[in-house]
Every structure is written in structure tokens, then in C-alpha cells.
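Here is a brief tour of one protein chain. Keep the sequence and the 3D view side by side as you read.

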Amino acid sequence: MTPGQLVNAVAISLNVPAETVVQHDRNLVVAGLRTKGGRGHSAPKVTPLDAARLVTAVLGSDRVLDSVSTVRHCEQAIGIDEDGLFPELPQTHNFVEALAAVISEANTPLMFEDFDEYASRFAGFHIKVYVPRFGALIALDRFDFGDPDSKLISYERPRDRSEPEEDTKNSRDRRRLLGPFGIEQDKKIRGNSIMVLGRAFLEDGVKFTTAGEVIADLVQAGTGKTKKRTAKKAAH
């Protein structure tokens, strides 16, 4: 997938204007945070890490000027995978690495070969970035947070260790007073956005104009495969 195809796929999957995503992408290129090279046929192929950084920039930035600082802050947000959500990553890793792993895993022919299994994995994801403190969360199947099969990783930026470590009520209150200030937001995407990006990587771009059309086509294709398998079993 080329950078231009990635920009289009992110705009469609997150339902944001393409012009906004283009500007975030330019900011990341200038900062050396996105694969770059020639144009046209010589354009470089982007990676899931490129996609994760672009999604993070769009999801966690109040302004397009904030793209680079948002990504760098979120690459400092560390989580511990105690539930084994990402066995391919070190147990301790950052949010952008984890998001790249989700996108990479979504790029699989399983979406057509066994859509029900594919959907059961990715439809359950939801991914949050907390702005402006740049914490984050990745959860799987936590629509009911009491579900014992649910998995969750919380990502936080390390505290400033220049002051002595304290863990009293007064010290926690003082830390809260020091910020962040102003309006805080929780910005979230669901697993269906990741499914759109996975298909974009599999097929070199999105061949539809909305995320809903992408998912509807996947459902239809998956239903057709299921009917064929059922008919084949019945014939035997």
C-alpha cells in the first residue's frame, strides 16, 4: 500500500476528512515518522507502524499542528501485557507498537475465508487515547468489563522521577493539581476501523468510499463462504 492509499484508508476508516489526514501525514513525514521515498510507481510501501502512527496522530490530536507531539507522547505511553493480548510483542511495550500489532494482525485472508472467526477477534477491540495527558487503552471483548475472557492493557507515560517517590493521599492530590489543565477527552475507535485498515493492507487500498461499505462487503463475502461450507457438509 502506498502512502496515498494509506491516507485514504485512514480517512475512510476513521470517518474524518481526507484533507485532515493529508496534513497529519505531511507532518509525520517531515519529522521522519513515516516511510518515505519516490512517487508514483516508485512510491514506498507503508508499514503497519506507519498506519499506527497516522491513526494515533488523527485520534489524539486536537489540532493538525499536534501530529508529531501526539505520536511521540503516545510512543512514551507504556503498558504491560499481563493478559497475553499481544504475544508477538515484549510484555512491556508502548501504545503505538501495540496498535501496529493490531493492524498487522488484521491484514489476513481470514477476513474472507472465515469471516465469523475474523469478526469475533477484531469486532471486540476498542482503542482509546486520553487527551491531553496522552494515556491510552486497548481492550478486547470488554463490552462487559466483568467478562473473565476480556483482555485489557492500559498505557501511561512514566511519571517525572525528579522528585522523591511518594504514594500518600496528599502527594496524589498535589500531582492532580499540577495538570493536565482544561478540557480532557477520551477519543475512541472500535475494531471495525481496524478491520477496514487490515483490508486496505491486504488489497493495496480501500476500493469503497465509506467504512460501512467495506464492512458490509466483508459480511456479504463471509456469509457466502459460510453457505458454501454448510452446503458442502450437507452433501457429505
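**The chain as a whole**

This is a predicted model. The chain holds ten helices and six strands. It has 236 residues, and 42% of them count as buried. The exposed surface comes to about 12900 Å². Carbon and sulfur atoms supply 53% of that area. Now take the contacts between residues at least 6 apart in sequence: 61% of them join residues at least 24 apart.

**The core**

The largest nonpolar core has 61 residues. Which members touch the most others? They are Val10, Phe86, Phe95, Ile138, Tyr155 and Ile194. Helix H5 gives the most to this core, with nine residues.

Tyrosine 155 shows how such a member is surrounded. Leaving aside neighbours within four places in sequence, tyrosine 155 is in contact with Phe86, Phe95 and Ile138, among others. Phe86, Phe95 and Ile138 are also on the list of core members that touch the most others. Further contacts of tyrosine 155 include Ala77, Ile78, Gly79, His93 and Asn94. Ala98, Gly135, Ala136 and Leu137 are in contact with tyrosine 155 too.

**Valine 102**

Valine 102 sits in helix H5, which spans residues 95-106. Is valine 102 buried or exposed? Its relative accessible area is 0%, so valine 102 is buried. Not counting residues up to four places away in sequence, valine 102 touches Phe86, Phe122, Phe125 and Ile194. Leucine 197 lies 95 residues from valine 102 in sequence. In space, the two are 10.0 Å apart, C-alpha to C-alpha.

**Lysine 187**

Lysine 187 belongs to strand S6, residues 185-190. Its relative accessibility is 18%; the cut-off for buried is under 20%, so lysine 187 counts as buried. The lysine 187 side chain reaches two partners, listed here.

| Group on lysine 187 | Partner | Distance |
|---|---|---|
| side chain | side chain of aspartate 62 | 3.3 Å |

The pair with aspartate 62 is a polar contact between side chains.

**In short**

Valine 102 is buried at 0%, and lysine 187 counts as buried at 18%. Valine 102 is part of helix H5, while lysine 187 is part of strand S6.

Technical notes. Residues are numbered from 1 along each chain as its sequence is written. This is a predicted model: local features need pLDDT of at least 70, side-chain atom pairs count only at pLDDT 80 or more; totals for chains, interfaces and linings use all residues. Side-chain values use heavy atoms; hydrogens and water are left out. Helices (H or I, at least four residues) and strands (E, at least two) are DSSP runs, numbered from the N terminus. Buried means under 20% relative accessible area, exposed over 50%, partly exposed in between (1.4 Å probe, protein chains only). Contact means heavy atoms within 4.5 Å. A polar contact is a pair of N or O atoms within 3.5 Å; within protein, one must be able to donate a hydrogen and the other to accept it, and residues adjacent in sequence count only if both atoms are side-chain atoms. A nonpolar core is a set of buried Ala, Val, Leu, Ile, Met, Phe, Trp, Tyr and Cys residues joined through side-chain atoms within 4.5 Å. Accessible areas come from the Shrake-Rupley method with a 1.4 Å probe; for residues, only the protein chains shown count as cover.
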